[in-house]
Amino acid sequence: SIFHFTARLAPAKEAATAPAPVPAAAAVATTSTDAASRTARVLLAEDNPVNRRLAETLLTRAGCTVTTATTGRQAVDLYVGSPAGFDLILMDVQMPEMDGLAATAELRARGCTTVPIVAMTAGALQGDRERCLAAGMNDYLAKPVRRENLLAVLDTWLGRAATP
């Protein structure tokens with residue numbers, strides 16, 4: 001569990017010997033893992049409502065701002081509409097209208113070369129990871145998504161630790 005609170009304390013009676021107070025908001029903002037991960041903008045492409053909600057919850061708790069798409073086509077359109085708006089794309093491999101592999105290929109063809117794309121798939125067959133990487137994805141995350149695995153992906157591809 002993570003708890004955040006704000007404490008409003010009365011000024012010390014002996015100001016000369018008391019250390020300078022640090023505002024609670026400043027203390028929270030300077031926590032390295034909290035502040036670093038707070039600005040991460042993630043595009044989550046997932047058609048299954050349960051998987052989408054789980055990933056959204058985990059990402060939000062990790063301090064990320066999440067934009068969701070329910071099809072590969074919608075993910076491509078969201079990225080193209082705001083190419084500088086995302087730091088990471090989590091892409092389900094099997095979606096309607098356009099699957100994650102085709103969406104990744106289109107994103108890479110449209111210039112999305114610096115934003116990491118991480119495959120999310122329930123496929124655990126031999127060769128699935130290699131197929132995703134060959135399609136232009138940077139990494140692979142098996143479903144059901146586990147918190148520690150997602151946090152490791154955020155740490156790897158965003159270059160900073162995420163809030164647990």
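The model is predicted, so local features need pLDDT of at least 70 and side-chain atom pairs count only at pLDDT 80 or more, while totals for chains, interfaces and linings use all residues. Residues are numbered from 1 along each chain as its sequence is written, and side-chain values use heavy atoms, with hydrogens and water left out.

User: What is the strand order in the open sheet of 5 strands?

Analyst: Helices (H or I, at least four residues) and strands (E, at least two) are DSSP runs, numbered from the N terminus. Two strands pair if DSSP finds at least two bridges between them. Pairing in this open sheet is parallel, and the order of its 5 strands is 2-1-3-4-5.

User: How many residues of strand 3 are buried?

Analyst: Buried means under 20% relative accessible area, exposed over 50%, and partly exposed in between (1.4 Å probe, protein chains only). Leu88, Leu90 and Asp92 point one way from strand 3, Ile89 and Met91 the other way, and all are buried. For strand 3 (residues 88–92), that count is 5 of 5.

User: Which residue in strand 3 is the bridge partner of Ala45?

Analyst: Strand 1 (residues 41–45) pairs with strand 3 in the parallel sense over 4 bridges. In strand 3, the partner of Ala45 is Met91.

User: Which helix makes a β-α-β unit with strand 3 and strand 4?

Analyst: Strand 3 and strand 4 (residues 117–121) are themselves paired in the parallel sense, over 4 bridges. The unit is right-handed, meaning that, with the strands pointing away from the viewer, the path from the first strand over the helix to the second runs clockwise. The helix is helix 5 (residues 100–109).

User: Is Thr121 buried or exposed?

Analyst: Thr121 lies in strand 4. Leaving out residues up to four places away in sequence, Thr121 touches Val93, Tyr140, Leu141, Ala142 and Lys143, where contact means heavy atoms within 4.5 Å. With a relative accessible area of 6%, Thr121 is buried.
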